[in-house]
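Subject: Structure handover

Hello,

Please have it open while you read the notes under it.

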Amino acid sequence: MRRRLILVGAGHAHLEVMRLHKNNPLTDIEMCLINPSNYQYYSGMFSGYAEGLYTEEETRIDLTEFAERCGVHFIKKKASRVFPERKKLFCEGGAVYPFDIISFDIGSKSIPYEFAGSDARSVKPNYQFVEQMNSLRATSTPLIVGGGAAGCELAVSIQTFKNKHEIAGNVRLVTSSNVLADSPRKTSKKLKSILEETGVQIWENEKVKDMYDECIVTEMNNRIRHTGVLWLGGPLADPIFTLSNIDVDTRGFAYVKATLQFEKYSFIFGAGDCVTLRTYPHLDKSGVYAVRQGPVLFENLKAYLDDEPLKKFEPQKKAMYILSAGKKKGLLMYGGFSHYSGKAWNLKNKIDTNFMKKYK
Ligand SMILES: Cc1cc2nc3c(=O)[nH]c(=O)nc-3n(C[C@H](O)[C@H](O)[C@H](O)COP(=O)(O)OP(=O)(O)OC[C@H]3O[C@@H](n4cnc5c(N)ncnc54)[C@H](O)[C@@H]3O)c2cc1C
């Protein structure tokens, strides 16, 4: 009898599961993808889009077309709750889907609970990105909250776009610590100087306390005027797992074992930002790991269905990141090493365009 496998979210790992299923189909399986948008936007190319280097089409995967090609049934819905004991998934709007096996790769969100009702923009879910960016980069003083890799990358990219199109004003970056606080001091200083040379104005060690239409107020009572806020303060969990009484970490991300199975339920799998590995609880929430988990997730879904032993996901010790730093230059970071050049951007461009080619 055919069993139903539901993939919730078109994140990196699920794209790879679908692609591998196309080449080597899981037997006697009806595979469904549930995602709230027809497109999956690729965050690695957000900076290039913000700067005007890529078109919208280049940054996204058409899920209706891709799912059809992979023999996967696509359902455009947002999952809201899972009932593991009843093996049922509930979606917004009231639809209910029974399943035999389910896997989550729904990413993360970025606006904290206390600012949920504010006008702050978010690039999560990722299908909001283009609309948010088009409106924001045309204004005079867009303000970015968050001095991590994503915040800095988008700040420098928007400023480069503004410089090129002679849109007056400066991007403002507010961060509760210093720029790229988790990186070695030398790398952090280098990125700060790139941001400033491009024209980004930076407020370090300032935490946002209140947000208004035209300004934010920090905990040190500084008022910073803006023409729109983009919140990139780090990954936060969707409430779905907490609502479903799943074991979660202190931030609300579901705990998975090294086999990518949920702790209490061997028929629930998860990958990417939305889960925390018990074996590596402090692993960064980054696309690099979501991508690497894809093939392991596919192998383990197959092994589970065939009643065979499952593999353990082992993250690499160090991961390479390349930040787009404006004008087709990149800042490559690998452990303590960093390198700023056109070659670094070319490498990033090659990695990102090759990634997209796999799913287009
Ligand atoms: C500006 C920016 C740049 C970045 N650059 C990099 C980079 O260069 N390298 C890197 O490694 N990381 C980068 N990251 C981090 C990276 O984006 C995330 O770690 C990565 O996208 C996580 O992938 P994922 O597979 O977990 O989910 P995602 O890629 O976020 O995909 C999740 C999918 O699930 C869908 N979804 C969400 N909720 C639900 C629901 N309830 N029901 C159904 N579907 C749902 C979403 O619509 C989305 O399609 C960047 C982040 C940002 C913001």
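Overall picture

This is a predicted model. The protein chain has ten helices and 22 strands. Its C-alpha atoms fill a box of roughly 65 × 40 × 35 Å along the principal axes. The radius of gyration is 21 Å, which agrees with the value near 21 Å for a compact globule, because the chain has 360 residues.

An unreviewed UniProt entry lists residues 4–278 as "domain: FAD/NAD(P)-binding". In the model, that span is 27% helix and 25% strand.

Ligand site

How many residues surround the ligand? The shell holds 34. The closest are His-12, Gln-40, Ser-43, Asp-105 and Asp-273. By class, the shell divides into 16 nonpolar, eleven polar and seven charged residues.

- Val-288 uses its backbone, with an N or O atom 2.9 Å from a ligand oxygen.
- Gly-287 also brings a backbone N or O atom, 3.0 Å from an oxygen atom of the ligand.

How much of the ligand does the protein bury? Taken alone, the ligand exposes 990 Å², and the protein buries 91% of that.

Which elements give two or more residues to the shell? They are β2 (29–35), α6 (149–164) and α9 (287–305). Domain 1 (3–108 + 235–305) and domain 2 (113–234) each supply at least three residues of the shell.

Backbone details

Two loop positions deserve a look before you set anything up.

First, the peptide bond from Lys-124 to Pro-125 is cis, with omega near -10 degrees. Pro-125 sits in the loop between β9 (101–104) and α5 (129–137).

Second, Leu-260 is not a glycine, yet its phi is positive, at about 70 degrees. Leu-260 belongs to the loop that joins β17 (254–256) and β18 (268–270).

Best wishes

Notes. Residues are numbered from 1 along each chain as its sequence is written. This is a predicted model: local features need pLDDT of at least 70, side-chain atom pairs count only at pLDDT 80 or more; totals for chains, interfaces and linings use all residues. Side-chain values use heavy atoms; hydrogens and water are left out. A residue is near a molecule or strand if one of its heavy atoms lies within 4 Å of it. A polar contact is a pair of N or O atoms within 3.5 Å; within protein, one must be able to donate a hydrogen and the other to accept it, and residues adjacent in sequence count only if both atoms are side-chain atoms. Accessible areas come from the Shrake-Rupley method with a 1.4 Å probe; for residues, only the protein chains shown count as cover. Helices (H or I, at least four residues) and strands (E, at least two) are DSSP runs, numbered from the N terminus. Ala, Val, Leu, Ile, Met, Phe, Trp, Tyr, Cys and Pro count as nonpolar, Asp, Glu, Lys and Arg as charged, and the others, Gly among them, as polar. Domain bounds come from an automatic or database domain assignment. UniProt positions are given in the numbering used here, feature names are shortened, and annotations may be inferred rather than shown by experiment. The radius of gyration is taken over C-alpha atoms; the globule rule is 2.2 Å times the number of residues to the power 0.38.
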